[in-house]
Every structure is written in structure tokens, then in C-alpha cells.
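Here is a short report for a reader meeting this structure for the first time. Please look at the sequence and the model, then read on.

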Amino acid sequence: MGGLVMARKNPFANILDDQRPAVDDVATDHKRPSRPVSDYAAKGASRSLLKSLDELAARADKLVEGETVVELEPDLIDASFVRDRRADDEAEFNQLLERIRERGQDSPILVRPNPKSAGRYMVVFGHRRWKVAQALGRKVRAVVKDIEDREHVLALGQENAARADVPFIDRALFAADVVRLRYDEDNAIILSALAIDRTTLSKMLSVAGLPSPILEAIGQAKNVGRDRWYELKLLLDSPAIQERALETIRDEAFSALSSDARFDFLVRKLRSKPTRKQNQPSRRNWTPPDSALSAEISAEGKKFTLALKAKTSDARAFGEYLSENLDQLYEAFRRGSIPQETGD
């Protein structure tokens with residue numbers, strides 16, 4: 001049932017060094033970019049917290065390598081208490097499922113005893129492999145380690161940071177979830193977990209704070225990076241623009257698009273000037289008691305039109321009369337519409 005994990009690189013290792021991908025983490029073999037060690041933790045964290053982080057990292061080196069692999073029923077395992085991605089890409093998940101169906105699960109997932117449910121486990125990383133095992137009705141190969149929440153966050157974050165296929169918005173929401181847990185006062189845990197600097201974290205938290213209906217409507221937008229998401233956040237700082245965004249996401253044309261296209265569609269809409277609603281023209285007719293002529297009256301915005309019609313020459317004659325008396329008519333209008341000033 002069990003075996004030794006010999007080849008898998010420790011998932012925390014890029015706190016101190018570069019990291020290689022787990023075989024099953026993506027449906028195709030993508031090389032993960034190496035990540036240089038950052039010095040932000042030394043600048044931002046207190047000395048005691050840095051010592052704690054160093055201890056966590058040292059323990060992390062031993063989490064998987066050389067550990068015994070066991071096979072667990074997927075139904076005994078629960079999801080992580082923090083999420084590293086909101087949804088699986090269906091096509092990628094199906095590719096991973098077919099790979100594991102054909103050749104088996106090459107690398108184990110990491111689980112911990114569920115701290116809130118005796119006899120159950122909680123995934124630390126390897127959610128997709130766990131879900132594939134559920135779908136195939138197979139046991140899942142796993143390493144079981146009794147670790148604390150902070151180590152759990154570091155392991156999941158490092159696994160997250162090392163994968164090129166995790167969308168920015170998922171990383172941002174993961175960061176926001178961890179920050180809300182308040183493991184420290186200066187966010188050194190999440191900075192280390194995702195190997196990011198404070199500027200990037202600030203932008204992630206700003207984006208993660210966008211209205212939930214808008215985030216849910218857009219989806220993962222896998223090809224949209226940090227800068228474009230932050231641009232959307234700046235656009236949505238205005239309450240009026242937020243209202244336009246909420247109107248846009250209800251548009252059927254928006255809903256029919258792919259996630260990336262929905263993002264682009266929304267940004268274009270919000271950048272464009274709103275269409276001004278023109279006053280609808282009002283129209284009415286007038287006929288005198290003798291019905292000798294008729295008038296078509298139209299008012300549209302600042303324009304007023306009066307058209308006279310008659311079977312005889314009355315329309316022209318009355319029009320001439322109005323034209324010749326426009327001065328007096330206008331003066332009468334002004335006298336009637338402008339209050340006269342009076343003294344005390």
C-alpha cells in the first residue's frame with residue numbers, strides 16, 4: 001500500500017531555493033520559472049517572526065521527501081481551509097484525469113489530520129489529484145503530516161506560487177483569505193508563501209476587494225495578469241462606474257463570452273463614455289374651432305417646430321401673420337414669463 005517518496009522536491013523549497021513542478025500538478029509538462037530569493041521578509045518581519053518562519057521552512061524540507069506514501073479513500077478527505085483556486089479549468093482537469101487513468105498517480109498529495117474532525121484528513125496541496133481520484137473511484141496516494149495551520153498555508157502558497165497555470169485572481173483571493181486569518185501583523189507569512197513583495201500584495205488585496213458579483217461574473221480570466229486587474233480596480237473606484245459595471249455583467253452579450261473576453265468587454269465598456277439619453281421628441285396637433293387649418297407641433301431638446309397646413313391659403317396667411325407679429329408676441333411672452341421687479 002505504501003512506498004517512499006524519493007524524487008519529489010519539497011514544496012516549500014523555493015522559500016530558500018528554486019522549485020520543480022510536481023508531476024501531476026498540471027495536465028501537461030510545463031517548466032516552472034525559477035524564482036529568486038527575495039529579501040522582503042527581512043525588511044518587513046520582526047526578528048521573532050523571522051525565526052519562526054525559518055523554523056517552518058526547515059520543517060517543510062522534511063514534509064514529503066522520504067516519507068511513507070499511503071493510500072486513502074477520497075471520501076475521508078476534506079478540502080483545504082483556504083482555497084488556492086476558485087475553480088478548475090474543465091479541459092485541464094479532464095487531461096489530468098486521463099493521464100492518471102492511463103498511468104496512475106505519479107506523485108502523492110499532502111494531507112494533514114483534519115483538526116476539526118477526528119478520523120478525517122484535510123488536503124494541504126494536490127486538490128486536483130484528489131478530485132481525480134474521486135472521479136475515478138480510486139484511492140488517492142498521499143503523505144500524511146501532522147502540521148499546523150501556518151505550515152499548511154506556507155505549503156499551499158508555495159505550491160500555488162510555483163505553478164504557472166494559477167490565474168492571478170485566484171492568487172489574489174488566496175492572499176486575501178490568508179491575510180484575514182491574521183497569522184502575523186505584517187503579512188510576512190503570505191509574502192513568503194507566494195514569494196511576492198509588499199507592492200504586489202497590496203495590489204492583490206485591492207483586486208480581491210472588488211465587488212463579489214463582478215468577480216464572479218468575470219471568472220478566472222486566466223490570461224489576465226496583475227496590471228490589467230489593477231487597472232480594472234482603479235476604474236471601479238468610482239461608485240458610478242461600479243453601477244455601470246453591474247449593468248454590463250447583466251448583459252446577455254457579456255454572459256455569452258469566455259472569461260478572458262468578459263474581462264476585456266467590461267474594461268472597454270467602462271473606458272467608453274456613457275451614451276447620453278436624449279429626450280424623446282414630443283409631438284401634438286392643434287386645430288382652431290373653425291377647422292380652417294391645422295398645426296403640427298414638435299418639441300425635441302432645444303428645438304421647437306410649428307408646421308401649418310390648410311386646404312386653402314389660410315395656412316400661409318396665418319403663418320405670415322405670426323411672422324409679422326413675432327416681436328410683439330415675444331415681448332408678451334417675456335413679460336408673462338419673467339417676474340417684474342418691484343421696489344419696497
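A nonpolar core is a set of buried Ala, Val, Leu, Ile, Met, Phe, Trp, Tyr and Cys residues joined through side-chain atoms within 4.5 Å. Buried means under 20% relative accessible area, exposed over 50%, and partly exposed in between (1.4 Å probe, protein chains only).

This is a predicted model: local features need pLDDT of at least 70, side-chain atom pairs count only at pLDDT 80 or more, and totals for chains, interfaces and linings use all residues. Residues are numbered from 1 along each chain as its sequence is written, and side-chain values use heavy atoms, with hydrogens and water left out.

**Overview**

The protein has 15 helices and nine strands. Helices (H or I, at least four residues) and strands (E, at least two) are DSSP runs, numbered from the N terminus. Of the 344 residues, 40% are buried. Contact means heavy atoms within 4.5 Å. Among contacts with a separation of 6 or more, 70% join residues 24 or more positions apart.

**The cores**

The largest nonpolar core has 48 residues. Ile218, Trp229 and Leu232 have the most contacts inside it. Helix H6 gives the largest share of this core, eight residues. A second, separate core has nine residues, including Ile109, Val111, Trp130 and Val140. In soluble globular proteins, nonpolar side chains tend to be buried together.

**Tryptophan 229 and helix H10**

Where does tryptophan 229 lie? It lies in helix H10, residues 226-235. Tryptophan 229 is buried, with a relative accessible area of 0%. Leaving aside residues up to four places away in sequence, Trp229 touches Phe168, Ile169, Val207, Leu210, Leu215, Ile218, Gly219, Gln220, Ala221, Val224 and Phe263. Alanine 208 is 21 residues from tryptophan 229 in sequence, and the two are 9.6 Å apart in space, C-alpha to C-alpha.

| Helix | Buried residues | Cover includes |
|---|---|---|
| H10 | Trp229, Leu232, Lys233 | H6 (168-181), H8 (198-208), H9 (212-218), H13 (259-271) |
| H8 | Thr200, Leu201, Met204, Val207, Ala208 | H6, H7, H9, H10 |

In H10, Trp229, Leu232 and Lys233 are buried. They cover an arc of only 105° around the axis, so they sit on the same side of H10. The arc is that of the directions from the helix axis to the C-beta atoms. In H8, the buried residues are Thr200, Leu201, Met204, Val207 and Ala208. Their arc is only 125° around the axis, which puts them on the same side of H8.

**Helix H4**

Helix H4 covers residues 127-136, and seven of its 10 residues are buried, so H4 is largely enclosed by the rest of the structure. The buried residues are His127, Arg128, Arg129, Trp130, Val132, Ala133 and Leu136. Glycine 137 follows H4, and its phi is positive, near 70°.

**The cavity**

A cavity is a set of points on a 1 Å grid over the protein atoms alone where a 1.4 Å probe fits but cannot get out; lining residues have an atom within 4 Å of a point. How many cavities of 30 Å³ or more does a search of the whole structure find? It finds one. The largest cavity holds about 50 Å³ of space. Val178, Val179, Arg182, Tyr183, Asp184, Asn187, Ile189 and Ile190 line the largest cavity. H6 and helix H7 (188-194) each supply at least two residues of this lining.

Technical notes. 1 Å grid on protein atoms, 1.4 Å probe; cavity = no way out; pocket = protein on both sides within 12 Å on 5 of 7 lines; lining within 4 Å. Points joined across faces, edges and corners; volume = space filled by probe spheres on them.
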